[in-house]
Amino acid sequence: MSTLLEDTSLGLGYEHGITDARIRLGWYAAIAGLLLVGAYAMYLRVTGGMATTNMNSVTPWGAWVAFYIYFVGLSAGAFLVSTLSNVFGMAGMHEIDRDALLAAIIAMVVALLFVWTDLGRMDRLFNVFLHRQLTSPLSWEVHAYVAYILVLSVELYFAMRADLVRVARRATGIRARLASVLTFGHRSLSDAALDADRRWLKRFGIVGIPLAIFFVHGGTGVLFAVSKARPYWNSGLFPIIFVISAVVSGTALVMAVYVLRRRFFDDRPVDPNLLDRLAQLLVAFILTDVAFTAIDALIALTTLERLHVGTWLLVSTGEMSWSFWGVMVALGWVLPAALASRRAWRRTPWLMVVAGISVVIGIVGVRFNIVVPPLILPVLEGLPHGNYVPTLVEWGTSAGIIGLGLLLYTLGAELLPLTPLDTDGDHA
Amino acid sequence: MSTESARPGVPEAGTGRVEEMLDDDRIDPQEELERSPFSTDLGTAMAEDARRVSAGELSSESFWARYDEAAAEEFGVAYAETPNPAIDAEDGSQTIADGAAEQLQCSVDSMDSVAASLDAAAADEAVQWGMVIDLQKCVGCDSCTVACKAENRTPPGVSYNVVLEEEHGEFPDVTRTNLPRPCMQCENPSCVQVCPVSATYTMNNGVVNIDYDRCIGCRYCMIACPYGARYFDFGENYDQEVMGAGEVQSPEYGVTKDARAEGESPIGNVRKCSFCYHRLGRDEEPACVETCIGDARNFGDLSDPESEVAQMAESTRSFQLKEHTGNDPNVYYLR
């Protein structure tokens, strides 16, 4: 394997991109399809206003908010995985930290697009920066999101700068030109410069960790938890579960992306030790998530309070309980934990892709089951019950926004040196 | 869609015919002025320029510079005794008698300072509007809900007031509670706490306001409200039910609005009961209070211990909804 790595550093590695032309075409065609559907749905949403959704005054938040917190979670989770390498120096994780950072940045951008689409007055987006409210978690959050995107972009720059310089020098065409621009003129490859890169990467990573845990994702949990009108969210445990499920989805995403990019972009074998380590982390996070969710549910049931108990019963036995048992429990927890339960399976790349994608889909169920159920039972007895299923416009816009995220990631992966060129082990 | 004949009780008249009818009924200003003993030309000229003043094309100073003398000559004593705060006492052009100003509780000063002093006076009073609803008197007729819709011209899906009906017990021992639910105008409103752009806030008089020109429509306040009192305006209209349904909008929170138009606030905003703020300003009770057939609703100043509502709110029968939330509503119920 070492000869293979040396080969790539001699030139092959600079032409990163999807290796198989047919797969490449198919992938871009699929993304184009999503974007077309999304563009039409977005046209309907902008011209028709919020009446194109199935939300109403009983259920004022729906699919867009669920996807918003889903992508915030994916982002925070992927970022935290990246810090395993560039802050905590966990062996072997260097391979994936740029992937994780790029995915985290793009997931956050996607999350913001969802929350923008959700505004009743999309034209007043910038009011959140013109007028503030210190007691509003949402007011704090939008600022944290912007800071987070900036910190992560700076981190990605320091993580990638040396390889950008190498690509700018040795590759040709658009990759070299883009790499040249993205170095921002800092072209030194001296040991001192590389050391400085690592130092700054670590510093920004250290700033990023509390930003991701307490502000970006913990804060998004707080956004829900402060709502005393909705007992299902109104618990101190809620933001913690939020962060843990974020880490679950982030680890799964990074694991799946690592294997897929190795297979379709670099055409290089997967490192089974790294895969094993990621899969073990994933199982540990899943078990923690299950435990805390169970604690939360038990506390809720012992309150014997109408809304609190009622919402949990609705989740587990109501009309949409299939999404709890089938998507959240089965795809999010049981299947991936089972697949990662044996050492040999953890070292089988395609099985881990299945496990990763299963979690990534399962956590969508988690997010829908966070947002919608507490908005079904009325806050006062006698007010109407909600009954929410997203409209085609809501699904279509969601598909389009996700398609845009996939496009941005694919372009990034094709054009940027996400796989380290100096793969002689970690930067330790 | 249903044909016109399918609407019982609505005379068949197209829009053109209605406009014709309006034209027939309209008073001709020229004729009307000629009937009065005063100058028609002066009246017409003043009316036309007054329109310019309200349109902002002409300052009130120049208006009065133009007409003060002529008006004093034409209308004589009646003019001198009518309070006119626009006329500045300092430059000696004041034509209103001090006595008249005092009698009408009107200061003799420029418009701006009069307006400022009125605001200050209102703030000094420090009213705290509150409502007390006697559940023993409520018969569940829903006329408050209807009066509210008519007064505030709320669109489909938006109802500032609803009456919740609860049945207790089993036949034959059954009772029913009717619980009218306006906005509680909380002392510690959850909605205000969470609004990311401070578009909703508590006014000095205790009413929770919504600034439709600032609200971004994120609906966080609807999530936070423990009383379900907030509604999102999805832009629906009663076009099928009422002719010209959106032509006039209620001046909620004292803000005059144009006709309801697609993509214009309050469409895309969150809305709620304002205690009919626009009626309070002209010493009228909220529409629901005025219309209540059983006199179940009472309205007044909670900060005045002598007031009827303050005494009712202190009674042993009094309670607030969801007292454990700490929101401290300014709407009280009598059990």
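**Strands and pairing in chain B**

Me: B:V132 is found opposite which residue in β10(B)?

Reply: Opposite B:Y332. Likewise, B:M131 faces B:V331 in β10(B). Bear in mind that this is a predicted model: local features need pLDDT of at least 70, side-chain atom pairs count only at pLDDT 80 or more, and totals for chains, interfaces and linings use all residues. As for labels, residues are numbered from 1 along each chain as its sequence is written, while chains are lettered from A and ligands numbered from 1 in the order in which they are written.

Me: What makes β1(B) and β10(B) a pair?

Reply: Strands here are DSSP runs of E with at least two residues, and helices are runs of H or I with at least four, numbered from the N terminus. Two strands pair if DSSP finds at least two bridges between them. β1(B) and β10(B) are joined by 4 bridges and run parallel, so they count as a pair by that rule.

Me: And how many bridges join β1(B) to β8(B)?

Reply: 5, with the strands running antiparallel. B:I133, for instance, has B:R297 as its bridge partner in β8(B).

Me: Why are β8 and β9 of chain B said to stand at the edges?

Reply: The open sheet has 4 strands in the order β8-β1-β10-β9, with mixed pairing. β8 and β9 each have a single partner strand, so one side of each has no neighbour in the sheet.

Me: Is B:P329 buried or exposed, and how do you know?

Reply: B:P329 has 24 other C-beta atoms within 10 Å. The cut-off is 20 or more, so B:P329 counts as buried. B:P329 sits in the loop between β9 (318–319) and β10 (331–334).

Me: What does B:P329 contact beyond its neighbours within four places in sequence?

Reply: B:M184, B:Q185, B:C186, B:Q320 and B:L321. A contact means that two C-beta atoms, placed from the backbone, lie within 7 Å.

Me: Is B:S36 buried or exposed?

Reply: B:S36 has 9 other C-beta atoms within 10 Å, so it is exposed. B:S36 lies in the loop between α2 (29–34) and α3 (40–55) of chain B.

Me: What makes B:K322 worth a look on phi?

Reply: Phi of B:K322 is near 50°, a positive value in a residue other than glycine. B:K322 is in the loop between β9 and β10 of chain B, and with 15 other C-beta atoms within 10 Å, it is partly exposed. B:S198 also has phi near 50°; its 17 C-beta neighbours inside 10 Å put B:S198 in the partly exposed class.

Me: Which residues does the cis peptide bond with omega of about 5° join?

Reply: B:F171 and B:P172. B:P172 is in the loop between β2 (162–168) and β3 (175–181) of chain B. Another cis peptide bond joins B:S265 and B:P266, with omega about 10°.

**Chain A**

Me: What makes α4(A) mostly covered?

Reply: 18 of its 21 residues are buried. α4(A), residues 97–117, reaches 30 Å from its first C-alpha to its last, close to the 30 Å expected; the expected span is 1.5 Å times one less than the number of residues.

Me: Which residues have the most contacts inside the largest nonpolar core?

Reply: A:A103 and A:V254, in a core of 179 residues. Helix α3 (residues 63–86) of chain A gives the largest share of this core, 17 residues. Such a core is a set of buried Ala, Val, Leu, Ile, Met, Phe, Trp, Tyr and Cys residues joined through C-beta atoms within 7 Å. Not counting residues up to four places away in sequence, A:V254 touches A:A103 and A:L278, among others.

Definitions and conventions: Buried ≥ 20, exposed ≤ 12 C-beta atoms within 10 Å, placed from the backbone.
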